[in-house]
Amino acid sequence: MKTLQILRHAKTERLQLGQQDKDRKLTERGLNQMADLLANQQDNLSQAQLVLVSTAKRTRMTLKQMEHLFSKEAIQFDDHLYLASLVTLAKTIEQQDDHLTNLLLIGHNDGLSDFVSFLVGEHHYLPTSGYFVLELEIESWQHLSIGIGRIRASYFSEVR
């Protein structure tokens, strides 16, 4: 049995003229969403043995709100996770060591929603700071396939 936690970054500022999408920051609402998530899901989040994070500023800022839960060695930034597709996300997870039983993935839509939907075999959408804890009926990360997951927990911030 493996556990995969999936978190979409919190609410970000709108893209400004001349600004790179990768450089967008969290808004005050986004920071409040993360405080809300932590208040309700800290126990689940803190169980992650490895945290895989997109290199975008908004995912880094999302992590910053909870990085005290993890050792520095447990955090890995991966440029391939920036706006990653379902296929890229699956390939990234499949490459992880099987001794790890609980991973946290922090990234972006539409890939994250597609990935959750693939793993549980039904459509799910992650809003900003949307969070799922999936139990996967596998012994190896290389055995990811459609419908192997069950949602153990989910959280969607009420912060507007």
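Helices here are DSSP runs of H or I at least four residues long, numbered from the N terminus. With that settled, phenylalanine 118 belongs to helix 4. One thing to keep in mind throughout: this is a predicted model.

Helix 4 spans residues 111–120 and is mostly covered, with eight of its 10 residues buried. The buried set is Gly111, Leu112, Ser113, Phe115, Val116, Ser117, Leu119 and Val120. What does the covering? Strand 1 (2–8), strand 4 (102–107), strand 5 (131–136) and strand 6 (149–155) are included, and so is helix 3 (86–94).

Leaving out residues up to four places away in sequence, phenylalanine 118 touches Leu86, Ser145, Ile146 and Gly147. Leucine 81 sits 37 residues from phenylalanine 118 along the chain, and their C-alpha atoms are 17 Å apart.

**Rings and their partners**

You'll find one aromatic pair in the structure. It joins phenylalanine 132 and phenylalanine 156, with ring centres 5.5 Å apart and planes at 80°, so it is edge-to-face. Phenylalanine 132 is in strand 5 while phenylalanine 156 is in the segment after strand 6, so the pair ties together parts 24 residues apart in sequence. As for cover, phenylalanine 132 is buried at 2% relative accessible area, whereas phenylalanine 156, at 32%, counts as partly exposed.

| Charged residue | Ring | Distance from ring centre |
|---|---|---|
| Lysine 22 | Tyrosine 82 | 5.1 Å |
| Arginine 60 | Phenylalanine 77 | 4.0 Å |

**Serine 54**

Several names from that table come up again around serine 54, a residue of strand 2 (residues 50–54). Setting aside residues up to four places away in sequence, serine 54 touches Arg60, Phe77 and Tyr82, along with Thr59, Asp78, Leu81, Ile106, Gly107 and His108. At 0% relative accessibility, serine 54 counts as buried. Which side chain does the side chain of serine 54 make a polar contact with? That partner is histidine 108, at 2.8 Å.

Technical notes. Residues numbered from 1 in each chain as written. Predicted model: local features only at pLDDT ≥ 70, side-chain atom pairs only at ≥ 80, totals over all residues. Heavy atoms only, no water. Buried < 20%, exposed > 50% of the residue type's maximum accessible area, 1.4 Å probe, protein only. Helix = DSSP H or I, 4+ residues; strand = E, 2+ residues; numbered from the N terminus. Contact = heavy atoms within 4.5 Å. Phe/Tyr/Trp six-rings, centres within 6.5 Å; stacked < 30°, edge-to-face > 60°. Lys NZ or Arg CZ within 6 Å of the ring centre and 35° of its normal. Polar contact = N/O pair within 3.5 Å; in protein donor to acceptor, adjacent residues only side chain to side chain.
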